[in-house]
Structures are given as structure tokens and as C-alpha cells.
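Hi everyone, thanks for coming along. I'd like to walk you through one model this morning, so please have a look at it first.

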Protein chains: 2
Amino acid sequence: MSTQISPRPLGDVIQSVVEDPANGRLGGNLAGVACDARIRQHALAIDEPMALGGTDTGPNPVEIVLAALGTCQAITYRIWAGLMGVALDEVRFETEGDIDIAGLLGLREGVRPGFAGIRHRVILIGPETEERYRELMEAVDAHCPVLDIVANPVPIERVLEVRAA
Amino acid sequence: MSTQISPRPLGDVIQSVVEDPANGRLGGNLAGVACDARIRQHALAIDEPMALGGTDTGPNPVEIVLAALGTCQAITYRIWAGLMGVALDEVRFETEGDIDIAGLLGLREGVRPGFAGIRHRVILIGPETEERYRELMEAVDAHCPVLDIVANPVPIERVLEVRAA
């Protein structure tokens, strides 16, 4: 399965934030944002692009969310094609999201920090009718974990612990 | 920054699904779920653990969402500590989510496929007062992109394209 992720967190808006001297504070504040996430035996490098003050050693967190959505859809198509007996040779995705960096930086009121919207294109390659693949899509969209997580609210319990330097 | 991800998608529920002959359909259907996500110049291996029929070449999509949440919080703490002039030596996270695989597989009614809940522990290490770090936390949680994406609904436009094999 291949998943094409086309996020848009680095568009004109971000560029103007970085270039505008009034917002020039960004450079210094973002120094050292490279993160190392440990997931069982896996390590994941997550960073910000250089335009955002990072070192671009990996995708940034919102790009990672798009990758999770695209691949979770791909896997759920595989599972439900199997469960429903739908022949499916290949699944491809193109997933892109709209984000305005002004939300993260608090530059304007009323701008949400996360994606305002996501466009997700599914390409199914196989011998079945389009109608059959639409039935498959319905089942997948009702059972896809990351689609549910992104499309619907998830309760997040937060605990803060402060330790002396 | 270090982020400890402790997802729970592989608990007793999944194990029982895999082991229960009534649900033994899982093995075959999940063959070949390893995904290769392309994000600009970055490639991300996303897979399922062997207990779920994958080859475990990378984290799975819901683990990736937890990694995105933890690291986005870490980066947003860095940014807002800078904006607010709060001294901060280190940010650590422990993020875990509860997921019931029955939702993905449609085994029981009323089980959502995504996380029922996420617990997110933030550890701030630095010289400021706890009150000051609580002010920082409020600003961060109001501006963190992935927190917003996971906690609140995001509109997702889906398009299906069918191609002959």
C-alpha cells in the first residue's frame, strides 16, 4: 500500500510569519524542537521544517496525523475487504490538510490551531464493481480507528507534573 | 525532548480476538498491511504488530496518533515558553490511549473504533513556580494543533476513485 501525504502546514501563511519581523520571535523560540518518540521497540523522529525553526529530521506532528489517517484507512480497507469478501488489488491514498499557523502562535482570534479541514482521496484498484467498492467504503469509514479519532472528539485527561531543575 | 508512548491497542482484547477460532479470520485478512507513507522527503514505515497479523516494521496508526499528540505538545510547550518568557529546561511526556479492537472489527455494537480515552502526563523540568507552569499549560492547551485535532471534530472530505485492475 502506498500513501501520499500532502500536508499544507508550510504554506504562505507560515512563510509570512517567519519572514515578518513583527513575528521574528519564532526563530529563537523553536530552537531544539526535535523530538524522539519511543513506541515499543520503535523510535520515531519528529521535528519541524527549517522554515518553522526546526531541523527537519522528520515529519512534524500534524503531518504525522495525516500519515496515521491515510495508513489506518489503508489497513482498514484490507481488513474489511477480507471480511466482506471483496477482491482488492491495491489501495492508495492522497491525504491533505489545511492548517493556519496563526492558530498555534495565537496571532489571530478565532483561528483553530488544528486542521480546519482534511481532504482524503482513496484510490481502490481491483476487479469489483464501483457499487461494491462503495459498500466497502461505507464499512471502512464506520470502523476505521484514526478516522474516528480525527473526525470525532476524544476525551483527553491531562496531568501536569513539575520537577525542579 | 523525550516522549514516552504507551499505547494499549494490543491488550487482552486483541489477543483473544486473534486466538479465538471464531475470529480466526483475522490472520489472513491482514496479510500485507505494511504501509509506506511519504511526507515530503520523509518516509514513514507504518505496520501492525504480529499479534494483529502485521510484520511490525513500524508503529501502527493509532500509536502514531499518540506520538503526534505527545510531540506536538512538546513543541508547543517550547514555543509558548518562549513567547511567555517562561524558563523551561526539559519537557517529557507519557501518553497512553484505550482502544478496543472490537470496534475496528465490528465484533460488538456500540464500541467506537478509535480511542475511548487518552491519558497524557506532562512533566516540566525547570526553575519556575508550579503556578507559572500551570499558566503555561493553559496557553499550550489552547494552541496545540494535535490536541485540537484529537479533542475536537475535524471535517474530513472523502473521495473514492475506482480503477480497473
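The expected span here is 1.5 Å times one less than the number of residues. Helices (H or I, at least four residues) and strands (E, at least two) are DSSP runs, numbered from the N terminus.

Before I go on, the ground rules. This is a predicted model, in which local features need pLDDT of at least 70 and side-chain atom pairs count only at pLDDT 80 or more, while totals for chains, interfaces and linings use all residues. Residues are numbered from 1 along each chain as its sequence is written, and chains are lettered from A and ligands numbered from 1 in the order in which they are written.

Back to helix 5 of chain B. Which of its residues are buried? They are B:Tyr133, B:Leu136, B:Val140, B:Asp141 and B:His143. By buried I mean that 20 or more other C-beta atoms lie within 10 Å of the residue's own; exposed means 12 or fewer, partly exposed is in between, and the C-beta atoms are placed from the backbone. Looking down the axis of helix 5 of chain B, the buried residues fall within an arc of 165°, so they line one face of the helix. That arc is taken from the directions from the helix axis to the C-beta atoms. The face turned away from this buried side carries the exposed residues B:Glu131, B:Arg134 and B:Glu138.

And what covers the buried residues of helix 5 of chain B? Both chains contribute: the cover includes helix 4 (101–105) and strand 6 (156–164) of chain A, together with helix 3, strand 5 (117–126) and helix 6 (145–151) of chain B.

That brings us to the contact between the chains. It takes 87 residues from chain B and 86 residues from chain A, where two residues are in contact if their C-beta atoms, placed from the backbone, lie within 7 Å. On the side of chain B that touches chain A, the largest share, 17 residues, comes from helix 3 (residues 61–84) of chain B. That side divides into 49 nonpolar, 20 polar and 18 charged residues. For the record, Ala, Val, Leu, Ile, Met, Phe, Trp, Tyr, Cys and Pro count as nonpolar, Asp, Glu, Lys and Arg as charged, and the others, Gly among them, as polar.

Strands cross over too. Strand 5 (residues 117–126) of chain A runs parallel to strand 6 (residues 156–164) of chain B, and nine bridges join them; strands pair if DSSP finds at least two bridges between them. In strand 6 of chain B, B:Arg158 stands opposite A:His120.

Now the symmetry. Chain B superposes on chain A by a rotation of 180° with 0.0 Å of shift along the axis, at an RMSD of 0.0 Å. The two copies are thus related as by a two-fold rotation axis. The same surface serves both copies, with 99% of the contact residues of chain B recurring in chain A. The superposition is by least squares on the C-alpha atoms of residues with pLDDT of at least 70 in both.

Of its 24 residues, 21 are buried, which leaves the helix mostly covered. They should span 34 Å at 1.5 Å a residue, and the end C-alpha atoms are 34 Å apart, in agreement. One residue in this helix is B:Val65, which counts as buried with 34 C-beta neighbours inside 10 Å. Leaving aside residues up to four places away in sequence, B:Val65 touches A:Val65, A:Ala68, A:Val146, A:Ile149 and B:Val150. Just after the helix, B:Gly85 takes a positive phi of about 70°.

Let's stay with phi for a moment. Most residues other than glycine have a negative phi. B:Arg40, however, has a positive phi of about 50° although it is not a glycine. B:Arg40 is found in the loop between strand 2 (35–39) and strand 3 (42–46) of chain B. B:Asp56 is another non-glycine with a positive phi, near 55°, and is found in the loop between strand 3 and helix 3 of chain B.

Finally, the overall layout: chain A has six helices and six strands, in the order β-α-α-β-β-α-β-α-β-α-α-β along the sequence.
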